[in-house]
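Opening the notebook on a new model today.

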Amino acid sequence: MTTRIIIARHGNTFTKDQTPTRVGGRTDLPLVEEERGTLVGEYLADAGLVPQKIWAAPLKRTMETAELAVKAMGIDLPIEKDDSFREIDYGPDENKPEDAVVARIGQEAIDKWNTEAVVPDGWKVDVQGTIDTWVK
């Protein structure tokens, strides 16, 4: 038997006229749109990939996205809250606009995070803990 894991990102938490911020695991924003969650559910149903189990981080945006996908699939499946899916904690940069983050840590730190997963100073990322969670 093959186990298939499907990972979907939550929908948008900022409208086009808002300035986005670095939103991590401590900032609990609701969705501002329903399209992504609905499209994920429709895609999975159309592709015959209806899950047997659904997990989501215990955040408004992740739970709402999962709920929309479940509704679009037309299934009655509980969504299990799981902290291991919570986003990282950006420390002093949590919920700050990107220009403020770059001003504090520099573009080089952002680039190293994006390309090499080098954790910037002050961010709370448990790399080994994340790996251990996914391996178990």
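Before listing who meets whom, I note that contact here means heavy atoms within 4.5 Å. This is a predicted model, so I keep that in mind throughout.

Entry 1, helix 3 and helix 4. With that cut-off, I looked up which residues join these two. Glu98, Val101, Val102 and Ile105 on the helix 3 side meet Gln107, Ala109 and Ile110 on the helix 4 side. By class I get 5 nonpolar, 1 polar and 1 charged residues in this contact. Then the geometry: the axes of helix 3 and helix 4 (residues 107–116) come within 6 Å and cross at roughly 105 degrees. That angle makes helix 3 roughly perpendicular to helix 4.

Entry 2, overall layout. I stepped back to the whole chain, which has 5 helices and 2 strands. Along the sequence I read the pattern as α-β-α-β-α-α-α. I also looked up the box around the C-alpha atoms, and along the principal axes it is roughly 45 × 40 × 20 Å.

Among the elements, helix 3 (residues 98–105) has the highest mean pLDDT, at 98. Helix 5 (residues 127–135) has the lowest, at 82.

Two packed helices are described by the angle between their axes and the distance between the axes. For helix 1 (residues 35–46) and helix 2 (residues 60–73), I find axes that come within 7 Å and cross at roughly 40 degrees. Helix 1 is therefore oblique to helix 2. The crossing of helix 1 past helix 2 is right-handed. On helix 1, I list Gly37, Thr38, Val40, Gly41, Glu42, Leu44 and Ala45 as meeting Thr65, Leu68, Ala69, Ala72 and Met73 on helix 2. Sorted by class, this contact has 7 nonpolar, 4 polar and 1 charged residues.

Side chains of opposite charge can pair when their charged atoms come close. I counted 7 salt bridges in the structure. One I followed up is between the side chains of Glu87 and Arg61, at 3.0 Å, N to O. Glu87 sits in the loop between strand 2 (79–81) and helix 3, and Arg61 in helix 2, so the pair ties together parts 26 residues apart in sequence.

Technical notes:
Residues are numbered from 1 along each chain as its sequence is written. This is a predicted model: local features need pLDDT of at least 70, side-chain atom pairs count only at pLDDT 80 or more; totals for chains, interfaces and linings use all residues. Side-chain values use heavy atoms; hydrogens and water are left out. Axes are lines fitted to C-alpha atoms, for helices over the stretch in contact, and angles run from 0 to 180 degrees between N-to-C directions. Helices (H or I, at least four residues) and strands (E, at least two) are DSSP runs, numbered from the N terminus. Angles under 35 degrees count as roughly parallel, over 145 as roughly antiparallel, 65 to 115 as roughly perpendicular and the rest as oblique. A crossing is left-handed if the near helix is turned anticlockwise from the far one by less than a right angle, and right-handed if clockwise. Ala, Val, Leu, Ile, Met, Phe, Trp, Tyr, Cys and Pro count as nonpolar, Asp, Glu, Lys and Arg as charged, and the others, Gly among them, as polar. pLDDT is the predictor's confidence in each residue, from 0 to 100. A salt bridge is a side-chain nitrogen of Lys or Arg within 4 Å of a carboxyl oxygen of Asp or Glu.
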